[in-house]
Amino acid sequence: MGFSTTAAFVIIFVASLAIVGLAYSTFYLQLKDYVYKLKAEREDAVNKANTKLDIISINAVGTNTTHNLSVVVKNTGTTTLNVSKFDLLVDGVLVDFSYNRTVLYPETYVEISSNNLSGGIGTTHRLKIVAENGYAIYATYTVS
């Protein structure tokens with residue numbers, strides 16, 4: 001009877017070590033993922049806080065029913081931005097656009113153009129430009 005008690009204790013002890021080891025490795029992996037996500041969120045927040053765009057000029061020339069839009073934007077922040085990942089919304093509608101440079105470094109300009117937008121001469125429109133990190137700038141313009 002003494003040997004069976006010792007054997008049962010050893011089996012239970014080894015099984016508990018295996019369970020603790022498995023639980024520790026699972027907890028460690030989850031903690032590691034959490035720390036990486038937290039670090040990425042912090043970097044995104046810093047990038048967004050250091051992003052500042054200014055609209056330098058808006059030129060909208062139209063016909064009776066459509067217009068072409070040209071916007072010059074300056075990066076006055078300290079974050080380098082990828083213009084191909086921008087979104088351009090006119091009156092809340094996502095529109096296709098072209099640009100004259102892909103990378104917008106601090107203190108540089110980009111010209112963003114979009115053609116055949118609805119709304120002719122004399123119409124007023126809302127413009128929203130959203131950078132890749134979520135920073136947005138707004139403006140209104142009237143077609144001439």
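The largest nonpolar core of this predicted model has 22 residues, a core being a set of buried Ala, Val, Leu, Ile, Met, Phe, Trp, Tyr and Cys residues joined through side-chain atoms within 4.5 Å. Buried stands for under 20% relative accessible area, exposed for over 50%, and partly exposed for values in between (1.4 Å probe, protein chains only). The residues with the most contacts inside the core are Leu53, Leu69, Val73, Phe86, Leu127, Ile129 and Tyr141. Two or more residues each are given to this core by β1 (53-62), β2 (66-75), β4, β8 (109-118), β9 and β10; strands (E, at least two residues) and helices (H or I, at least four) are DSSP runs numbered from the N terminus. Contact is defined as heavy atoms within 4.5 Å. Not counting residues up to four places away in sequence, Leucine 127 touches Ile55, Ile58, Leu69, Val71, Leu88, Leu89, Val90, Ile137, Tyr138, Ala139 and Tyr141.

Residues are numbered from 1 along each chain as its sequence is written. Local features need pLDDT of at least 70 and side-chain atom pairs count only at pLDDT 80 or more, whereas totals for chains, interfaces and linings use all residues; side-chain values use heavy atoms, with hydrogens and water left out.

Strand pairing requires that DSSP finds at least two bridges between the strands. On this basis, an open sheet of 4 strands has the order β1-β2-β8-β6 with antiparallel pairing. Its edge strands are β1 and β6 (98-99), each of which pairs on one side only. Strands β2 and β8 run antiparallel and are joined by 8 bridges; valine 71 has isoleucine 112 in β8 as its bridge partner.

Strand β9 (residues 124-130) pairs in the antiparallel sense with strand β4 (residues 87-90) over 4 bridges, and leucine 89 stands opposite lysine 128 in β9. Antiparallel pairing also links β9 to strand β10 (residues 136-142), over 7 bridges, with threonine 140 in β10 as the bridge partner of arginine 126. The two strands β9 and β10 form a hairpin with 5 residues between them, and glycine 134 in the turn has a positive phi of about 100°.

Positive phi values also occur in residues other than glycine. Glutamate 107, in the loop between β7 (103-104) and β8, has phi near 65° and counts as partly exposed because its relative accessibility is 48%. Asparagine 116 lies in strand β8 with phi near 60°; at 62% relative accessibility, asparagine 116 counts as exposed.

Helix α1 (residues 2-49) contains valine 14 and phenylalanine 13. Phe9, Val10, Phe13, Val14 and Leu17 form a nonpolar surface patch with about 500 Å² of accessible area together. Phenylalanine 13 counts as partly exposed at 44% relative accessibility. The C-alpha atoms of phenylalanine 13 and asparagine 68 are 77 Å apart in space, for 55 residues in sequence.

Lysine 52 is placed in the loop between α1 and β1 and, at 40% relative accessibility, counts as partly exposed. Apart from neighbours within four places in sequence, lysine 52 is in contact with Lys74, Asn75, Thr76, Gly77 and Tyr135. Lysine 52 and valine 14 are 38 residues apart in sequence and 59 Å apart in space, C-alpha to C-alpha.

Definitions and conventions. Patches are made of residues with over 30% relative accessible area and no salt bridge: like charges are joined within 9 Å, nonpolar side chains (Val, Leu, Ile, Met, Phe, Trp, Tyr) within 5 Å. Accessible areas come from the Shrake-Rupley method with a 1.4 Å probe; for residues, only the protein chains shown count as cover. A salt bridge is a side-chain nitrogen of Lys or Arg within 4 Å of a carboxyl oxygen of Asp or Glu.
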